[in-house]
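Please open the structure in your viewer and keep the selection tool at hand. The tour below goes from stop to stop, saying at each one what to select and what is there.

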Amino acid sequence: MTEPVLSTHGLHKAFGALAATQDVSIDLRPGEIHAVIGPNGAGKTTLIAQICGTLAPDRGEVRLLGRDVTRLPPAARARMGLARTFQISALAMEDTVLQNALLGALGKAGRPWQFFGAALGRADLRGRAEAALDRVGLWDVAAVRAAELSHGQRRQLEVAVALTLGPRAFVMDEPMAGLGAEGSHRLTALLDGLRAEAPILLVEHDMDAVFALADRISVLDGGRLIATGSVAEIRADKAVRAAYLGDAA
Amino acid sequence: MSRETLFNAAILALLVAVPGWALAAGEPFTITLATRAVIFALAAVGLNIALGLGGLVSLGHAVYFGIGGYAMGILAWHAQSHTPLIDGWLTLPGTKSMPVIWLVAIAASALAALLIGLLSLRTSGVYFIMITLAFGQMVYFFAISWPAYGGEDGLPIYVRNGFPGLNTLVPIQFYGICLALLCAVLALNAALARSPFGLALNAARQSPQRVECVGLDPVRLKLVALVISGAITGLAGALFADLNRFVSPVMFSWQMSGEIMVFIIIGGVGRLFGPVAGAGLYVLLEHLLGGVSEYWQIFLGGLLLIVVLFARGGLAGLIAGRRVAHD
């Protein structure tokens with residue numbers, strides 16, 4: 001088996017008496033989309049926060065590209081190639097679509113200490129940003145402010161910013177949330193093509209999208225990982241049906 | 001040309017025309033008032049880099065303004081009293097040279113901003129405001145109780161400091177120096193806002209999470225912004241002391257910090273010429289209403305209320321419209 005790109009080992013996090021993450025070991029292999037599902041309050045967002053570094057685990061380890069990154073801050077993990085998209089869009093809303101994408105390109109270049117010369121005049125950054133916008137289909141709204149985008153377009157922009165980082169792994173927190181049928185079809189098609197570039201850890205509620213995209217699915221419930229397996233295995237799993245899927249599967 | 005460009009050009013034109021008229025009409029006091037406005041504007045442009053670009057509500061910018069003032073006061077006092085500034089293994093004299101004083105003012109206030117920023121940027125929101133205010137008060141009371149340089153009474157400097165090739169005692173020449181510095185700093189501000197650093201800082205204000213997730217450190221970006229901001233306000237402090245030929249702990253007071261912020265709010269937060277418009281209007285009101293009542297700031301308070309309630313973009317927002325994304 002190939003070495004996983006991203007993995008957690010025995011991750012544990014408690015808030016007072018509430019164990020939000022209990023002994024979670026999960027891995028993301030090259031070329032796959034690994035979906036993480038679970039009911040509200042199952043600990044999905046807490047898990048993502050620990051993987052991306054905004055929350056420190058009480059115990060356990062996070063490994064990225066074979067390296068222990070448990071104590072690295074979020075920015076350092078991002079520089080190593082971990083690209084995150086947010087459940088609630090965290091874009092610079094007053095800035096244009098192009099400026100948001102440029103920020104990603106600037107982060108990738110890793111040299112923000114340039115005080116002169118227009119950022120928009122930098123051909124290297126701009127090329128990278130425009131290529132990412134083109135890929136997600138936001139090219140024609142590049143000059144629009146992020147605040148004026150539709151909800152679905154903001155999701156696409158989140159993905160575009162992640163793309164500018166040239167990531168080694170994506171972590172996406174409910175990218176389909178709040179999207180209509182059309183928007184979620186479009187985003188599903190986009191994500192489908194991304195796995196060849198870098199594997200995606202996909203936390204998602206939209207089961208249609210999960211079943212359409214996932215190579216493997218992990219199920220969280222009450223902070224514990226109750227099952228991991230292929231789509232067919234998870235659909236057939238009794239514990240999972242009881243905890244979450246109900247009749248949907 | 002956008003409305004904002006016109007607004008900026010109109011302010012620049014006023015900054016040239018008003019003193020020009022005063023010179024022709026033989027009204028030196030008007031030139032002094034204009035100098036005061038330009039120096040306040042410079043201090044506020046400094047704060048606007050932290051506040052407008054970086055979103056840092058610093059209620060302690062009087063620290064940098066006062067450090068600039070005392071840099072001038074201490075250097076010039078040693079020069080006029082013919083006592084060495086430092087007398088140990090190395091003997092350093094004071095100086096009456098403006099460029100040297102400016103460099104010392106800039107370096108000292110930048111260093112202070114670095115130290116204050118390292119501590120205060122660990123917090124945000126209202127805690128950041130309170131910590132910057134607390135630093136301001138600490139420095140203020142230190143200045144009051146430090147007897148070496150006049151303590152509460154301050155330091156009078158008898159003759160304005162010199163600038164090579166100019167006679168700074170002529171009001172219009174000193175005004176020219178201040179205006180040139182203001183223009184240089186405005187150009188720097190405009191360049192910063194468009195630069196890669198400005199892009200990252202602007203995003204760090206709006207969404208620190210986003211900046212982290214592209215691998216940049218929002219706190220370091222803000223720290224650098226605060227250092228640049230403090231340095232500029234420090235330079236303004238040196239000029240202010242030179243204008244008055246006097247420096248006292250009042251320059252460190254929290255009212256001073258508040259005034260610098262009021263200039264920006266009246267003029268337009270984050271707008272290039274907002275602080276200039278705000279400082280100009282403030283000095284104008286101070287002059288016109290100050291003659292009516294010594295409690296003229298009641299009217300200023302009313303104006304501030306109106307701006308905050310009905311014209312959030314300040315004068316710049318009112319006249320030039322909403323901020324457009326620059327390219």
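Is the crossing of α5(A) and α6(A) left-handed or right-handed? It is left-handed, a crossing being left-handed if the near helix is turned anticlockwise from the far one by less than a right angle, and right-handed if clockwise. Helices here (H or I, at least four residues) and strands (E, at least two) are DSSP runs, numbered from the N terminus.

Before going on, note that this is a predicted model, in which local features need pLDDT of at least 70 and side-chain atom pairs count only at pLDDT 80 or more, while totals for chains, interfaces and linings use all residues. Residues are numbered from 1 along each chain as its sequence is written, chains are lettered from A and ligands numbered from 1 in the order in which they are written, and side-chain values use heavy atoms, with hydrogens and water left out.

**First stop: two helices of chain A**

Keep α5(A) and α6(A) selected, whose axes come within 11 Å and cross at roughly 15°; axes are lines fitted to C-alpha atoms, for helices over the stretch in contact, and angles run from 0 to 180 degrees between N-to-C directions. The two helices α5(A) and α6(A) are therefore roughly parallel to each other, on a scale where angles under 35 degrees count as roughly parallel, over 145 as roughly antiparallel, 65 to 115 as roughly perpendicular and the rest as oblique.

Next, show the side chains where they meet: Arg155(A), Gln156(A), Val159(A) and Leu163(A) on α5(A) are in contact with Arg186(A), Leu187(A), Leu190(A), Leu191(A) and Leu194(A) on α6(A), contact meaning heavy atoms within 4.5 Å. By kind, the residues of this contact between α5(A) and α6(A) divide into six nonpolar, one polar and two charged, where Ala, Val, Leu, Ile, Met, Phe, Trp, Tyr, Cys and Pro count as nonpolar, Asp, Glu, Lys and Arg as charged, and the others, Gly among them, as polar.

**Second stop: salt bridges**

A salt bridge is a side-chain nitrogen of Lys or Arg within 4 Å of a carboxyl oxygen of Asp or Glu. Because Glu182(A) and Arg186(A) are four residues apart in helix α6 of chain A, about one helical turn separates them. Glu182(A) is exposed at a relative accessible area of 59%, whereas Arg186(A) is partly exposed at 44%; buried means under 20% relative accessible area, exposed over 50%, and partly exposed in between (1.4 Å probe, protein chains only).

Now select Arg135(A) and Glu197(A), whose side chains meet in a salt bridge at 2.8 Å, N to O. Arg135(A) lies in helix α4 (residues 123-136) of chain A and Glu197(A) in the loop between α6 (181-194) and β8 (200-203), so the pair ties together parts that are 62 residues apart in sequence.

Then bring chain B into view and select Glu158(A) with Arg210(B), a salt bridge of 2.8 Å, N to O. This pair crosses between chains, from helix α5 (residues 151-164) of chain A to helix α8 (residues 208-213) of chain B. Glu158(A) is buried at 1% relative accessibility, and Arg210(B) is buried with a relative accessible area of 1%.

To finish this stop, select Asp27(A), Arg29(A), Glu32(A) and Arg216(A), which are linked in a network of salt bridges; the whole structure holds 15 salt bridges over all chains.

Select Ser229(B) in helix α9 (residues 218-244) of chain B, a buried residue with a relative accessible area of 0%. Apart from neighbours within four places in sequence, Ser229(B) is in contact with Gly46(B), Leu47(B), Ile49(B), Ala50(B) and His61(B).

Move on to Ile116(B), in helix α4 (residues 98-120) of chain B, which is buried with a relative accessible area of 8%. Not counting residues up to four places away in sequence, Ile116(B) touches Val63(B), Tyr64(B) and Phe135(B).

**Last stop: two backbone angles**

Return to chain A and select Leu65(A), which has a positive phi of about 50° although it is not a glycine and lies in the loop between β4 (59-64) and β5 (67-68). Finally, select Glu174(A), with a positive phi of about 45° although it is not a glycine, in the loop between β7 (169-173) and α6 of chain A. Most residues other than glycine have a negative phi.
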